Amino acid sequence: MKVRKNSVINLFYLPAILLFLVFVIYPFIQGIRLSFTNWNGYSQSMKYVGIKNYIRLFQDVNVKTALVNTLIYGIMSTVIQNILGLGYAMFLNTKFKGRSLVRTIIYMPVMIAPLIMGYIMYFFFQYDGGAVNDILIALGMQPVDLLVNSNYAIVIIVLVNSLQFVGVAMVIYLAGLQNVPSMYYEAAMLDGATFWERFRHVTLPLLMPAISSSTILNLIGGLKLFDLVMALTSGGPGFSTHSLSTLVTNQYFSAQSAGYASAVGIFTFLLIMINSKVVMGYYDRKEVDV
């Protein structure tokens, strides 16, 4: 009877396993296979070219630019989201009137699709009729084409991504703070510890699981950033604001080089996986037992 019960339980996992195989594993294997071909994405025929796509990848200036941008989007967004998220969480962990409303307002942008958020911000930063330039003109200053200047555009993409998803970090840190036993703070206050000392020696060490989760989630989100880049700049001017994810789309549809796009996609996957593994290992060593 026990064996039969386990068999019935295992059947519940079968649909999920099939979906995972069909929509994750199979496309991933197909992507690896295509990365060794010269397929253009439309033709019925393709030719095996070995590792030429990967050699081209490491020689491609546009890939190097997209790689640098991807690291900037991932690392800077993670830093900003974690700092602001922790600050919001510590503030909202205290009791005051309207606390639930403030939490809702901070988390609300997370519920907006990144592509929609990108288009909203595009109308905010655009040259003609954008809110930023309207303010500059009202102050007697010259308007600035922020999204055409790659330096400004990269900063804008990082800030928009960070402010949209800071609510995720806030929720994670709120959960972590509420699980920190109050007796540790009481003992530290009896010893005369200042706010900074309590934060450094009590809060941070006990928040390591939350910091680890928030960092990994935000880092992965930043490294695979796609929607905001497409909505705000489409990777332009030129290739100056492309991320690796948007470069894959560009190479597949615009350059009609699906084999090369697959190689860039596999490289992006490895980059995210390696960075996530390194960060997880670092924070695992920092965690303490309560």
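In which loop is Gln256 found? Gln256 is found in the loop between H12 and helix H13 (258-286), where helices (H or I, at least four residues) and strands (E, at least two) are DSSP runs, numbered from the N terminus. This is a predicted model, in which local features need pLDDT of at least 70 and side-chain atom pairs count only at pLDDT 80 or more, while totals for chains, interfaces and linings use all residues. Residues are numbered from 1 along each chain as its sequence is written, and side-chain values use heavy atoms, with hydrogens and water left out.

**Overall make-up**

- The protein has 13 helices and zero strands, and its C-alpha atoms fill a box of roughly 80 × 75 × 30 Å, taken along the principal axes.
- Of the 290 residues, 38% count as buried, a class that means under 20% relative accessible area, with exposed meaning over 50% and partly exposed in between (1.4 Å probe, protein chains only).
- Among contacts (heavy atoms within 4.5 Å) between residues at least 6 apart in sequence, 68% join residues at least 24 apart.
- The accessible surface of the protein comes to about 17,200 Å², of which 68% belongs to carbon and sulfur atoms; such areas come from the Shrake-Rupley method with a 1.4 Å probe, and for residues only the protein chains shown count as cover.

**Backbone in the loops**

- Most residues other than glycine have a negative phi, and most peptide bonds are trans.
- Gln256 has a positive phi, near 50°, and counts as partly exposed at 44% relative accessibility.
- Ser234, in the loop between H11 and H12, also has a positive phi, near 55°, and its relative accessibility of 44% makes Ser234 partly exposed.
- Pro237 has its place in the loop between helix H11 (227-232) and helix H12 (244-254), and a cis peptide bond with omega of about 0° joins Gly236 and Pro237.
- Pro109 lies in the loop between helix H4 (99-107) and helix H5 (114-125) and, not counting residues up to four places away in sequence, touches Met117, Leu163 and Gln164.
- Pro109 and Val166 are 57 residues apart in sequence, yet their C-alpha atoms are 8.7 Å apart in space.

**A buried helix residue**

- Thr78 is found in helix H3 (residues 61-92) and counts as buried because its relative accessibility is 6%.
- Leaving aside neighbours within four places in sequence, Thr78 is in contact with Thr215, Asn218 and Leu219.

**Aromatic rings**

- The structure holds 10 aromatic pairs, where rings of Phe, Tyr and Trp (its six-membered ring) pair if their centres lie within 6.5 Å, and planes under 30 degrees apart count as stacked, over 60 as edge-to-face and the rest as tilted.
- Trp39, Tyr252 and Phe253 form one aromatic cluster.
- Arg56 lies over the face of Tyr260, at 3.6 Å from the ring centre; a charge sits over a ring if NZ of Lys or CZ of Arg is within 6 Å of the ring centre and within 35 degrees of the ring normal.

**Nonpolar surface**

- A nonpolar patch on the surface, with about 1,100 Å² of accessible area together, includes Leu11, Tyr13, Ile17, Phe20 and Leu21.
- Leu21 is found in helix H1 (residues 2-34) and is partly exposed, with a relative accessible area of 42%.

Note on methods
Patches are made of residues with over 30% relative accessible area and no salt bridge: like charges are joined within 9 Å, nonpolar side chains (Val, Leu, Ile, Met, Phe, Trp, Tyr) within 5 Å. A salt bridge is a side-chain nitrogen of Lys or Arg within 4 Å of a carboxyl oxygen of Asp or Glu.
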